[in-house]
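Subject: Structure handover

Hello,

Here is the structure I promised to pass on. Please open it first, then read the notes below.

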Amino acid sequence: MKRTIIDLFEESVSKYGTKEFLLEKHNGKFEPTSYNETRSQALKIGAGLVAMGIERGDRVSILAEGCNNWIISELGLLYAGAVSVPLSIKLEESNDLIFRLRHADVKLVFVSKYQLPKIRRIVADLQELKHIVVWGEDEKNLVAGEMTLESVVKRGEEYLRDNEQSFLEIGRSLQNDDYATITYTSGTTADPKGVVLTHRNYTANVEQALSVVSIPSTWRTLIILPLDHCFAHVVGFYIMIACGASVATTEVGRTPMETLKNIPINIKEVRPHFLLSVPALAKNFRKSIETTIRKKGKTTERLFKLALKTSYAYQGDGYNKGRGMRWLLKPAVALFDKMIYSKVRVAFGGELRFFIGGGALLDSELQRFFYAVGIPMFQGYGLSEATPVISTNSPKPRNHRFGSSGRLVQPLDIKILDEEGRELPVGQKGEIVIRGENVMAGYWKNPESTADTVRDGWLYTGDMGYMGKDNFLYVLGRFKSLLISSDGEKYSPEGMEEAIVDKSPYIDQIMIYNNQNPYTIALVVASKENINRVLDERGVEGAARAAEAAKIVAQEVAKYRSGGVYADEFPDRWVPAVIALADEPFTEQNGLVNSTMKVVRNKVEKHFAEAIAHAYTPEGKAVDNARNIEAITRLLAR
């Protein structure tokens with residue numbers, strides 16, 4: 001069956017035409033744009049592109065913050081038969097942008113006024129780039145080669161007067177296997193590759209996702225994640241289009257920090273029914289909730305902790321919520337919900353039913369927390385090469401279990417393979433391999449990587465996991481992230497890293513390392529704010545502060561060793577025996593995390609090679625060694 005993105009959108013316009021689709025803040029309030037109005041604007045932009053010489057199959061980039069123009073412009077370029085090359089606004093290095101724009105042979109770029117300086121710095125190096133279309137900037141401030149979006153729309157209106165039917169035929173003639181986007185992976189273990197996703201990849205993944213999650217047409221979402229990723233495409237707005245629901249975008253500030261501060265304000269204004277999230281955002285939300293509770297005084301804080309303890313006992317692992325003797329706790333949980341949790345939910349607009357979590361693994365403790373306060377964060381699993389959704393926990397009864405990555409979307413085939421490519425039985429861990437209409441067409445201009453990743457229609461994810469007897473998928477981490485002991489045993493560190501960061505107020509980031517070494521180490525970025533605060537409370541002064549800070553970090557990791565409060569969570573032999581302290585955080589600026597805030601392990605290993613090597617010396621075993629003291633001193637003073 002032919003079903004392109006244009007087909008999907010046209011179906012919904014026909015069904016929901018006058019209903020609001022997009023919500024964007026103007027003059028202090030969120031104003032709606034209907035499905036009909038969105039189509040009209042998209043056609044004008046698409047026709048404008050054709051009038052400017054953009055042909056079917058040409059690549060067009062978008063480098064901008066999330067907004068109506070982003071979604072409408074992408075629909076417009078798809079109507080014109082072009083291929084979208086969405087770019088992350090977090091790309092700061094000129095070389096990163098030059099590589100993507102050159103590699104994809106981009107002919108036109110849509111860019112916001114805030115991102116325009118990045119394009120101006122590199123335009124001389126982009127011979128294929130013919131047009132720069134700027135959003136939100138006055139024409140008088142533009143230079144040669146740049147034009148406003150309004151001028152593109154004007155050209156489109158003129159073109160449609162005489163060529164409307166021939167233009168519409170471009171969109172109608174698109175086929176399932178026509179390319180829709182080239183999305184560059186940010187890569188945690190390798191250089192970026194251009195993931196080619198077809199029109200049918202997207203529409204199939206929408207259908208698959210809706211097999212596990214239902215979205216009523218009356219629902220709204222607020223997209224707080226970057227629009228360039230296919231997770232935001234599929235779950236943020238293509239699913240909403242399919243269901244006739246509404247999509248709001250975060251109010252764009254003059255700086256990234258200002259935009260970030262707008263998120264909690266916009267959540268209250270839009271009152272979304274669900275939100276997309278990643279672990280970094282989840283942790284910030286939890287921190288904000290706990291800070292608010294703490295400010296209300298010791299009594300409220302103690303009551304909140306009792307409420308959590310009671311709720312945790314009642315909900316179990318989500319799958320067995322309220323079962324057995326747990327049902328006795330139901331009245332107490334209901335009371336706490338009325339007294340405390342309902343007030344917490346008001347800060348999220350009061351209508352929020354759940355989060356859908358993507359990106360890195362989400363620690364079970366975080367899942368328990370949000371489940372307790374009545375806005376569950378359902379962990380999902382996917383990757384760009386799968387458009388991206390492969391599985392997810394969901395609100396449907398018996399369809400969520402903490403620690404799992406949920407039920408597989410349908411239809412989808414899965415195999416778990418050992419290192420020799422043999423299929424493993426249920427419960428045994430190996431590489432996750434999937435087959436379905438959501439599997440990418442390949443990597444742009446990279447046949448070798450394509451052949452290695454997609455074989456006979458099966459996508460080799462590079463992730464380790466297993467299917468449980470409960471029919472849930474359990475993802476353990478990237479094969480390239482595995483710890484390998486001196487005797488060859490392998491273990492995935494990502495779950496442990498997430499747990500340590502989530503439970504410890506004194507550790508902001510951690511990378512656990514063992515590459516056929518006699519013991520495992522941890523490279524730790526301490527929490528400057530929290531450690532300085534506790535040192536002040538203890539009255540620690542001068543040179544003693546660094547040694548005490550190192551000791552605090554060591555005590556946090558020791559909680560996972562034999563005899564510690566979390567001793568049973570992970571195999572003792574894999575818990576770090578030695579701590580190496582970092583003198584700077586892992587950031588996008590130093591290249592140690594990617595645009596989705598995942599640690600780029602190979603770059604961290606290279607950046608901190610000396611610290612890692614020192615941890616395997618006799619001097620490095622003591623947490624208060626001279627190198628660690630020097631590093632923590634620099635970090636606390638930053």
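Which residue is the bridge partner of isoleucine 223 in S11? The partner is threonine 249.

First, the ground rules. This is a predicted model, so local features need pLDDT of at least 70, side-chain atom pairs count only at pLDDT 80 or more, and totals for chains, interfaces and linings use all residues. Residues are numbered from 1 along each chain as its sequence is written, and side-chain values use heavy atoms, with hydrogens and water left out.

**Strands S10 and S11**

Strand S10 covers residues 220-223 and strand S11 residues 246-249. Helices (H or I, at least four residues) and strands (E, at least two) are DSSP runs, numbered from the N terminus. The two strands run parallel, joined by 4 bridges; strands pair if DSSP finds at least two bridges between them. From S10 the chain passes through helix H8 (residues 230-243) to S11, in a right-handed β-α-β crossover. Right-handed means that, with the strands pointing away from the viewer, the path from the first strand over the helix to the second runs clockwise. In S10, Arg220 and Leu222 point one way. Thr221 and Ile223 point the other way, and all are buried. Buried means under 20% relative accessible area, exposed over 50%, partly exposed in between (1.4 Å probe, protein chains only).

**Aromatic rings**

There are 29 aromatic pairs. Rings of Phe, Tyr and Trp (its six-membered ring) pair if their centres lie within 6.5 Å; planes under 30 degrees apart count as stacked, over 60 as edge-to-face and the rest as tilted. Tryptophan 219 and phenylalanine 274 form a tilted pair, because their planes are at 40°, with ring centres 6.4 Å apart. This pair links distant parts of the chain, 55 residues apart: tryptophan 219 is in the loop between helix H7 and S10, phenylalanine 274 in strand S12. Both residues are buried.

Tyrosine 519 and tyrosine 616 are also tilted, with centres 5.0 Å apart and planes at 35°. They lie 97 residues apart. Tyrosine 519 is buried, at 17% relative accessible area. Ring pairs also build a cluster from Phe285, Phe304, Tyr341, Phe348, Phe355, Phe369 and Phe370.

Charges meet rings too. The charged end of lysine 415 sits over the ring of tryptophan 458, 4.1 Å from its centre. The test: NZ of Lys or CZ of Arg within 6 Å of the ring centre and within 35 degrees of the ring normal.

**Around S14**

How many cavities of 30 Å³ or more does a search of the whole structure find? The search finds 1. The volume of the largest cavity is about 50 Å³. A cavity is a set of points on a 1 Å grid over the protein atoms alone, where a 1.4 Å probe fits but cannot get out; lining residues have an atom within 4 Å of a point. Its lining includes Gln367, Met377 and His400. Strand S14 supplies the largest share, 3 residues.

The loop between S14 and S15 holds threonine 387. A cis peptide bond joins threonine 387 to proline 388, with omega about 5°. Threonine 387 has a positive phi, near 75°. This threonine counts as buried, because its relative accessibility is 0%.

Best wishes

Terms used. On a 1 Å grid over the protein atoms alone, a cavity is a set of points where a 1.4 Å probe fits but cannot get out, and a pocket is an open set with protein on both sides within 12 Å along at least five of seven lines; lining residues have an atom within 4 Å of a point. Grid points are joined across faces, edges and corners, and a volume is the space filled by probe spheres set on the points.
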